[in-house]
4 protein chains.
Amino acid sequence: MIDNQTSGVFVISATPFTADGALDLESAKRLTEFYLEKGASGLTVLGMMGEAAKLTPEESLSFLDTVLATVAGRVPVVVGVSAPGLVALRSLSLQAMERGAAGVMVAPTPNLRTDAQLTGYYRMVCEALGPDVPVVLQDFPLALGVQFSVDCLLQIFAENPQIVMLKHEDWPGLAKLGALRTAEEAGAGRVSILVGNGGLFLPQEMERGADGAMTGYAFPEMLAQVVEGCKIGKRDAVEDIFDAHLPLIRLETQPGLGLAFRKEVLFRRGAIASPFVRRPGPKLEAADMAELDRTLARLEKRLAELA
Amino acid sequence: MIDNQTSGVFVISATPFTADGALDLESAKRLTEFYLEKGASGLTVLGMMGEAAKLTPEESLSFLDTVLATVAGRVPVVVGVSAPGLVALRSLSLQAMERGAAGVMVAPTPNLRTDAQLTGYYRMVCEALGPDVPVVLQDFPLALGVQFSVDCLLQIFAENPQIVMLKHEDWPGLAKLGALRTAEEAGAGRVSILVGNGGLFLPQEMERGADGAMTGYAFPEMLAQVVEGCKIGKRDAVEDIFDAHLPLIRLETQPGLGLAFRKEVLFRRGAIASPFVRRPGPKLEAADMAELDRTLARLEKRLAELA
Amino acid sequence: MIDNQTSGVFVISATPFTADGALDLESAKRLTEFYLEKGASGLTVLGMMGEAAKLTPEESLSFLDTVLATVAGRVPVVVGVSAPGLVALRSLSLQAMERGAAGVMVAPTPNLRTDAQLTGYYRMVCEALGPDVPVVLQDFPLALGVQFSVDCLLQIFAENPQIVMLKHEDWPGLAKLGALRTAEEAGAGRVSILVGNGGLFLPQEMERGADGAMTGYAFPEMLAQVVEGCKIGKRDAVEDIFDAHLPLIRLETQPGLGLAFRKEVLFRRGAIASPFVRRPGPKLEAADMAELDRTLARLEKRLAELA
Amino acid sequence: MIDNQTSGVFVISATPFTADGALDLESAKRLTEFYLEKGASGLTVLGMMGEAAKLTPEESLSFLDTVLATVAGRVPVVVGVSAPGLVALRSLSLQAMERGAAGVMVAPTPNLRTDAQLTGYYRMVCEALGPDVPVVLQDFPLALGVQFSVDCLLQIFAENPQIVMLKHEDWPGLAKLGALRTAEEAGAGRVSILVGNGGLFLPQEMERGADGAMTGYAFPEMLAQVVEGCKIGKRDAVEDIFDAHLPLIRLETQPGLGLAFRKEVLFRRGAIASPFVRRPGPKLEAADMAELDRTLARLEKRLAELA
């Protein structure tokens with residue numbers, strides 16, 4: 001189970017498909033092992049970047065089963081369960097927990113606007129799940145169009161102790177992160193904060209009090225190194241490495257298209273058998289491939305200089 | 001099967017739940033019979049106002065089976081299959097068609113903006129479904145945030161002959177409706193056009209060339225009467241009746257809340273066992289109930305005057 | 001000056017142009033007299049439906065001067081001053097107040113989402129204006145994409161006593177209106193609440209505690225009659241008249257296009273010399289004109305029956 | 001005048017204010033000289049990042065006059081004139097051109113969605129301006145919510161030859177840029193393409209055929225160096241320098257907050273007397289300042305290594 005002290009790097013797992021678009025469970029096993037080897041302290045499956053919305057209900061469960069069986073308890077696995085209705089959300093959550101998930105991740109439905117709507121929504125969600133299911137709240141305004149203020153988040157956390165983690169991907173979001181930690185020092189309860197946005201601000205976010213990252217960047221070992229380095233006060237030592245990755249992170253954080261870059265890199269690294277992205281979805285063109293070749297070559301060169 | 005000549009009133013079916021929120025298949029049968037008695041020339045299930053997104057996958061299929069078995073071929077049944085990914089959309093569509101659906105309804109995904117994105121999307125959808133599945137295109141900017149121009153619709157219809165029907169609920173939408181019919185006279189292929197928006201502009205839309213309505217107003221017999229009256233050139237005779245309903249239609253077309261009014265009226269008319277709306281969803285308060293009492297009483301009085 | 005007891009019908013004034021698009025100050029005088037004759041208890045100028053954003057700064061002031069000179073103190077005049085920046089908002093407000101306005105109307109900027117952003121914004125606005133300028137808060141989610149919860153409004157009103165009036169056009173909005181009045185009875189300060197949305201729910205809104213209407217429907221005498229009738233407990237007597245207008249109100253409340261209908265009706269009633277709407281803006285086509293002819297004829301006939 | 005061959009770096013000028021928020025014309029002169037010294041081949045004033053919407057009409061003109069007088073014809077100056085109405089847009093444009101502007105920049109109004117609406121809008125704009133005013137089309141979906149397809153842009157350019165330049169800041173946007181250049185080779189007319197987004201993809205965009213940048217990054221000399229280097233086939237030589245700036249560019253491209261970082265850097269570099277941003281607007285907190293200190297120090301160190 002995850003809790004409000006959980007830290008490290010939870011990799012948002014891609015969902016691998018074969019070149020003709022079928023769910024590829026063999027690659028799912030290989031990818032899971034890859035993530036664990038590269039330093040993942042947890043996994044998150046069936047998230048947005050995992051193309052969850054493009055799976056059939058049966059595919060979702062069979063992918064989840066494969067990942068859980070491969071992980072075999074070595075690290076916690078969080079499951080994305082966001083859905084328009086509470087019955088479906090509850091149903092998927094309970095199935096996931098029974099199968100061995102460590103918690104569920106819930107994004108707000110895109111129609112929510114006011115603080116009252118948001119606090120009301122998470123109250124309903126937690127009531128539907130029952131108190132024993134640990135919840136990660138996903139705060140991702142760019143993708144969802146929903147904004148949480150610091151006060152609103154604090155109220156939601158205070159009302160629902162089972163929400164033990166925040167997936168923080170507001171942008172800009174450093175001030176929000178700092179304000180949450182300040183409130184904590186002033187007596188608000190603690191939540192674990194793992195940051196998203198492809199890790200674009202990871203060193204800065206660790207400085208403001210993040211516990212780690214929850215994102216799917218195709219070099220999770222770098223994320224793990226930065227999180228670890230920052231935690232032990234060695235930000236200087238790791239930020240050069242982080243900055244070397246920044247040109248590639250920038251390619252991967254492009255809305256929509258970024259996923260195609262991510263899967264292509266995972267494919268090139270041998271973690272999945274095909275970079276296929278299900279439709280509707282992005283596709284790399286020849287010039288993108290050339291740009292990626294160049295970016296990876298420059299990354300390698302720069303890392304060699306730093307080594 | 002529906003085709004490009006289909007006309008009349010396709011009722012968007014509510015999905016009935018028991019007072020504690022379970023899917024109520026007994027009421028589903030009763031409601032289906034109610035719609036047929038009140039003059040439905042077709043049904044549409046698993047649409048937005050059918051709370052499709054709040055059903056589990058199993059519930060969706062069992063509700064669909066119940067409706068199809070009750071209808072028993074008396075009228076065509078269209079099934080809402082909109083989904084973020086094509087695999088899931090295709091899977092639900094084929095299941096629906098095998099079970100006896102007359103066609104599927106596909107709304108654009110909410111991220112689509114340009115004409116190229118929209119034409120590309122429907123090309124992908126039709127390719128995924130295969131040419132034998134009749135498709136209804138749902139044009140509902142208020143709910144989806146997606147806008148189709150007349151030219152864009154004409155291009156989509158020309159490229160995909162299996163799209164035989166437009167569910168028209170742009171707002172304002174009369175000029176668009178007229179322009180589509182003008183293009184048809186100038187040689188563009190015909191599509192059936194059924195109008196939504198709770199029927200708010202039904203007489204005006206019939207005047208501009210609509211073939212009927214596809215909406216869930218709780219008095220479908222009035223919709224049928226207006227469609228029929230307008231078709232045979234007796235708009236004057238039916239518009240007084242339509243206008244008598246306008247105060248109630250106005251209550252039912254309120255975004256979100258309207259569904260609670262609709263289910264309450266269906267409940268009062270004996271068509272379903274409970275007006276329950278699944279969460280997250282609207283709920284009537286005492287003042288709403290009082291307003292509905294009054295509105296229904298005034299409607300009855302006015303209809304009596306007109307009789 | 002307006003205050004928190006202000007009631008009645010504040011007509012949102014159209015801005016008249018000549019047939020070739022120039023600002024028409026002669027028609028501005030005539031239109032102002034027309035509104036006063038038809039029972040306006042106040043006017044609101046330079047609002048959205050007054051095409052304020054399509055005037056040059058010089059035109060705005062000269063139109064305002066003309067209206068104020070014509071009104072000559074007979075009724076209060078509220079001025080729309082919404083602007084992206086506070087310096088411009090303050091500058092226009094102070095100019096308006098010096099010229100004799102009774103208050104200013106401020107909509108939120110469209111980027112605001114959280115309660116904290118909204119309360120912060122109105123704090124800044126009131127600080128910039130100084131405490132002596134009465135403010136109307138415009139709550140219009142459909143047009144602005146900004147949503148206020150009841151709690152958020154109550155906090156804004158409590159913090160800024162100079163906000164004496166709410167222009168209420170949330171949709172659906174009856175529950176919000178009722179909740180504000182309930183809070184008032186429980187000790188929150190009073191604000192005047194005038195309703196918008198073309199008056200589409202006026203009798204219902206009066207029932208829930210509205211003080212009147214602030215909208216630009218082209219038959220303000222009906223609005224005045226309904227507000228007065230509801231206040232003295234004669235809702236039954238006026239609701240038939242209201243319902244007779246509902247088909248036309250429905251045409252006028254269509255987003256965008258509604259303004260063209262409104263100006264056409266004002267033109268036909270002799271209140272302005274041309275129905276011209278500045279570009280970019282809507283235009284009626286022949287079929288719209290025919291529909292309007294019919295709607296007005298039916299309105300006249302129905303009113304005759306009721307007389 | 002700008003034309004369809006214009007290239008280089010057009011700096012989006014900040015608008016300087018004194019520490020108490022007044023327009024600072026002395027700093028405007030200094031900032032203009034700073035931009036020219038650092039390699040600007042043109043300036044763009046009264047854009048979004050120039051806080052144009054927060055100026056009064058008088059301030060806009062006096063700032064424009066100051067910049068034009070300081071530039072004194074050394075480089076072309078483009079003026080942002082986007083406005084909700086065509087009368088105001090035309091009026092500001094003609095005033096700007098009379099004063100010596102080299103062209104005007106027009107973003108779409110935020111309500112536009114379909115290709116037909118967008119092509120119609122630019123047709124109206126060009127008709128209102130007359131054929132002698134060179135126009136820059138701003139394509140900035142993240143800020144405006146409006147999306148142009150490649151086909152839509154090509155149609156707009158073909159219909160309106162006075163639109164000589166595209167300010168390209170779609171995100172992701174590399175494929176669009178490439179497609180526009182491919183269409184050009186296939187016979188579509190040429191437009192100049194300058195890229196925005198803080199320069200975040202500048203080397204990549206030059207590779208795809210951009211003519212330069214139009215953005216306000218606080219180190220314009222780097223932009224000029226990259227544009228020049230890429231043009232003469234020395235991308236390798238300049239990309240290390242670009243990548244060294246990427247951590248700072250990332251801070252500056254944060255929506256909203258980025259402007260505060262930009263003005264703070266301009267202030268530290270001595271280009272303006274105060275980093276003040278008008279309200280409503282972002283403000284740096286202590287932790288932001290510390291992060292900026294660190295980022296600038298690391299930039300300096302890295303540039304030294306590369307020198």
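Ring pairs join A:Tyr121, A:Tyr122 and A:Phe148 into a cluster, where rings of Phe, Tyr and Trp (its six-membered ring) pair if their centres lie within 6.5 Å. This is a predicted model, in which local features need pLDDT of at least 70 and side-chain atom pairs count only at pLDDT 80 or more, while totals for chains, interfaces and linings use all residues. Residues are numbered from 1 along each chain as its sequence is written, chains are lettered from A and ligands numbered from 1 in the order in which they are written, and side-chain values use heavy atoms, with hydrogens and water left out.

**Aromatic pairs**

- Over all chains, a search of the whole structure finds 18 aromatic pairs.
- In chain B, the ring centres of B:Tyr122 and B:Phe148 are 6.1 Å apart and the planes stand at 50°, so the pair is tilted; planes under 30 degrees apart would count as stacked and over 60 as edge-to-face, with the rest tilted.
- B:Tyr122 belongs to helix H4 (residues 115-129) of chain B, whereas B:Phe148 sits in the loop between helix H5 (141-144) and helix H6 (150-159), so the pair ties together parts that are 26 residues apart in sequence; helices (H or I, at least four residues) and strands (E, at least two) are DSSP runs, numbered from the N terminus.
- B:Tyr122 is buried, with a relative accessible area of 0%, and B:Phe148, at 3%, also counts as buried (under 20% relative accessible area, with exposed over 50% and partly exposed in between, for a 1.4 Å probe and protein chains only).

**An annotated residue**

- The UniProt annotation "binding site", from an unreviewed entry, covers A:Met214; such annotations may be inferred rather than shown by experiment.
- A:Met214 is found in strand S8 (residues 212-215) of chain A and is buried, with a relative accessible area of 0%.
- Leaving aside residues up to four places away in sequence, A:Met214 touches several residues, including A:Phe10, A:Thr44, A:Lys167 and A:Gly196, contact meaning heavy atoms within 4.5 Å.

**Relations between chains**

- Chain D is superposed on chain C by a rotation of 180° with 0.0 Å of shift along its axis (RMSD 0.0 Å), which is the relation of a two-fold axis; copies are superposed by least squares on the C-alpha atoms of residues with pLDDT of at least 70 in both.
- Of the residues of chain D, D:Pro57 comes closest to that rotation axis, at 3.6 Å (C-alpha), and 100% of the contact residues of chain D recur in chain C.
- A rotation of 180° with 0.0 Å of shift along its axis likewise superposes chain A on chain D (RMSD 0.0 Å), and in chain A the C-alpha nearest the axis is that of A:Leu246, 3.7 Å from it.
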